[in-house]
Amino acid sequence: MPASSPDSHRSPLSAESAEPLNDSSQVSEEQVTPVLTPSQAKRANQTLKGMIISVLLTVAVAVPVILINPPNKAETYRDPVDLVQVASQAATDAEFTPWAPELPEGDYVNFARWITKNVDGIKYWEFGVVTADDKFVYVRQSAESNPSWLAAVTENAAPAGSHSVDGTAWELREREKNQVLIGTRGDSTVVLSSDSGIEALDELARLAQR
């Protein structure tokens, strides 16, 4: 008997058996698009509307607040204080004469107050000076100065030697950008603080030396 060839034992794929393979590959390549039900679509639409309304309400509330409270710029708070008047009121309780310098034209005081409850119960006079070029100097004065009070009002600025102002020596302290000059006026201690440069402190120190 003649040997049959290997090919004779193979059963060729019929058109019917090949067709399902092609169909399955096509099905796997098709993209399935999700479809929302009417109720799901309604809920999604309501959520979007709620978000839009919430954003609009937030903007409606924020805009008036921003308009009423502009940025903290020096020119925004140009509300000069009558330094002499406030100093005269503080003098009724102070054991020294609260300093109320006559400032150069363009400079002004934007706050002044007499402090009675602070470090070690020390009472002191303080005010802020805004210069014509928008620099700021913090002024404090007390007849009861001690190390703990100085550390508090200078925010623990470190000693940095001395600084001469027209021949008068002031103690210099520094903390980051902040510089402090400590000197005397009569029987009181004067503390000048600023982060605007030593020149701004020099101007106030000259006035304190008069």
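Me: Where does Trp170 sit, and is Trp170 buried or exposed?

Reply: This is a predicted model, and some care is in order before turning to the residue itself. The chain averages a pLDDT of 81, with 70% of the residues scoring at least 70. Over residues 1-21 the pLDDT falls below 50, and this stretch has one contact in the model beyond near neighbours in sequence; residues 69-76 also have a pLDDT below 50, with seven such contacts.

The chain contains six helices and seven strands, which follow one another from the N terminus in the order α-α-α-α-β-β-β-α-β-β-β-β-α. Trp170 belongs to strand E5, which covers residues 168-175. Trp170 counts as buried because its relative accessible area is 2%, where the cut-off is under 20%. For the chain as a whole, buried residues make up 30% of the 210 residues.

The surroundings of Trp170, leaving aside neighbours within four places in sequence, include Gly161, Ser162, His163 and Val165. Further along the chain, Trp170 is in contact with Leu181, Ile182, Gly183, Val190 and Leu192, and also with Ala205, Ala208 and Gln209. As for Val191, which lies 21 residues from Trp170 along the chain, the C-alpha atoms of the two are separated by 9.8 Å.

As to the chain in general, among contacts between residues at least 6 apart in sequence, 47% join residues at least 24 apart.

Conventions. Residues numbered from 1 in each chain as written. Predicted model: local features only at pLDDT ≥ 70, side-chain atom pairs only at ≥ 80, totals over all residues. Heavy atoms only, no water. Helix = DSSP H or I, 4+ residues; strand = E, 2+ residues; numbered from the N terminus. Buried < 20%, exposed > 50% of the residue type's maximum accessible area, 1.4 Å probe, protein only. Contact = heavy atoms within 4.5 Å. pLDDT = per-residue confidence, 0-100.
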